Amino acid sequence: MAESVISRRVFPFFAWGLAFHSLIIASLYGVFRVPEDLVRQIAAWKEALLAVLLVVIVIRTMTGRGRKAEVTWADFWILSLVFTALCYLMTANPFFNAGLPAEAQFMGLRDAVYFMLIYFVGRATPEIIENEDGARRLFILLVTTCVIGIIERIIVSPEMLVALGVASYFQNFLGVSAFTTGNEYGLPLNYWTFIAGRPFRRAGSVYLSGQGFAVPFLLFFPLATSWVFWRAKKIPLQVFAYMLVCVALLMTLTRMTILIAIIQLVLFVLLMKRPEWAVAGISILGLVFVGAFILIPGFPTFVWQTLSWQEGSSVSHMNDWLRGAAAFFERPWGWGLGTADQTAVRAGLQYITGDNLFLKYGVEMGALGLFLLIMVLYTLGRTGLNLFRYAEDDSRRRMGIVIWLTSIGIAINGITAVVFNSITLGWLFFWIAGAGVS
């Protein structure tokens with residue numbers, strides 16, 4: 001009964017809460033002027049709820065009322081990564097003289113592994129993929145945020161975003177003012193991308209940043225694709241909603257995520273053995289690409305700079321990677337939790353590396369942390385593929401392909417971004433993956 005309540009009530013609440021988290025917290029802090037300490041307590045709702053869910057599941061398991069499940073390799077790799085992080089938390093300062101503030105280490109623990117524990121909530125609630133309710137709710141959430149993103153890009157000005165508290169949320173509440181330089185509004189710089197020297201604004205939707213809106217598509221795009229195109233007979237309203245999703249994704253102007261969406265679509269077509277879909281998709285993509293060349297000034301130059309690695313963000317990525325690689329080989333046993341990417345910036349530290357998921361874990365927890373992260377992604381991806389191939393019903397097979405494609409998307413996008421900074425992607429993916437393993 002408890003698992004049923006978690007699946008039917010808590011899961012959709014969690015999904016919608018994660019998606020609207022930034023908007024709600026920014027409004028409380030920047031618009032309604034709620035005291036900062038209270039807002040921080042409210043912002044920790046997801047961590048607190050996860051702790052409660054884990055306690056409930058452990059109690060039910062110990063009393064014999066929970067689902068019986070065999071231990072899997074995915075369990076082992078995730079628990080090993082969590083245990084490794086805890087070891088670094090306890091030993092970095094006394095044994096390695098890291099000199100790290102406790103706040104930075106606890107924040108690093110939260111950002112690196114704590115959210116992965118929701119995987120075990122998924123292990124106890126496999127029913128979220130055993131019927132269509134879970135996928136339907138996520139599809140509705142996706143379409144809603146995409147519609148908001150399209151409308152926001154058209155009618156919401158940067159001044160209105162400032163009035164909504166977005167600037168103060170990032171600069172003062174999150175403490176990442178370094179990411180808001182380069183524009184007069186104090187908004188996250190990734191609200192814009194530059195094409196031939198001209199700024200083009202990205203859609204941010206309820207995530208309050210262009211990249212923040214784009215990264216969850218690593219999970220949501222394959223979910224929407226499988227939801228709409230799995231059946232032989234297509235529902236016109238769903239196809240229209242899928243078109244809105246594609247438009248919203250393009251309006252994020254996030255090249256890597258868009259490229260990964262195309263890769264996920266091609267892989268989906270290959271697995272489903274529908275070559276006619278591939279022809280149609282390539283034709284549409286070609287028309288969009290040609291249209292962009294004709295209609296967007298400077299777009300050919302933008303494409304060339306991207307392919308030749310001359311674009312500004314490409315140079316920034318390379319600098320972070322070189323610095324991170326040097327730090328990794330200098331101390332392959334790790335520099336300690338909270339020393340990389342956004343976590344270090346929020347903790348007031350000079351970050352060692354950024355813009356790479358694998359270097360973050362490698363720098364913070366050494367070669368062991370990097371190896372365990374790779375094994376986690378590999379095992380979950382393999383589980384998704386096996387679920388697609390061998391599950392007996394369409395609902396589980398469909399979510400299996402979603403898990404597999406998301407694992408691939410995370411691995412690829414992780415080269416240029418710490419994608420788990422997106423709470424919507426990280427928390428929901430591990431919950432769904434845990435359900436798939438069960």
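This tour visits a few helices and one tyrosine in a predicted model.

The model is predicted: local features need pLDDT of at least 70, side-chain atom pairs count only at pLDDT 80 or more, and totals for chains, interfaces and linings use all residues. Numbering runs from 1 along each chain as its sequence is written, and side-chain values use heavy atoms, with hydrogens and water left out.

**Stop 1: α14**

Select residues 236–251. This is helix α14, with 16 residues. Helices are DSSP runs (H or I, at least four residues), numbered from the N terminus. From first C-alpha to last, α14 reaches 23 Å, close to the 22 Å expected at 1.5 Å a residue. That expected span is 1.5 Å times one less than the number of residues.

Now colour Gln 238, Ala 241, Tyr 242, Val 245, Ala 248 and Leu 249. These residues of α14 are buried, meaning under 20% relative accessible area (1.4 Å probe, protein chains only). They lie on the same side of α14, because they cover an arc of only 120 degrees around the axis. The arc is taken from the directions from the helix axis to the C-beta atoms. An α-helix has 3.6 residues a turn, so residues three or four places apart point the same way.

Show the neighbours next. The buried residues of α14 pack against α9 (133–155), α12 (210–214), α13 (217–229) and α15 (255–272). Step just past α14 to Leu 253, which takes a positive phi of about 55 degrees.

**Stop 2: α14 with α15**

Axes are lines fitted to C-alpha atoms over the stretch in contact, and angles run from 0 to 180 degrees between N-to-C directions. Tyr 242, Leu 249 and Leu 250 in α14 meet Thr 257, Ile 258, Ala 261 and Leu 265 in α15. Contact means heavy atoms within 4.5 Å.

**Stop 3: α9 with α13**

Select α9 and α13. Their angle is about 115 degrees, and their axes are 10 Å apart. Residues in this contact include Leu 138, Phe 139 and Leu 142 of α9, and Phe 220 and Trp 227 of α13.

**Stop 4: Tyr 29**

Go to helix α2 (residues 21–31) and pick Tyr 29. Tyr 29 is buried, with a relative accessible area of 14%. Which residues does Tyr 29 touch, not counting residues up to four places away in sequence? Select Glu 36, Val 39, Ser 168, Tyr 169, Asn 172 and Phe 173. The C-alpha atoms of Tyr 29 and Phe 173 are separated by 7.7 Å, though the two residues are 144 residues apart along the chain.

Note on methods
Helices (H or I, at least four residues) and strands (E, at least two) are DSSP runs, numbered from the N terminus. Buried means under 20% relative accessible area, exposed over 50%, partly exposed in between (1.4 Å probe, protein chains only).
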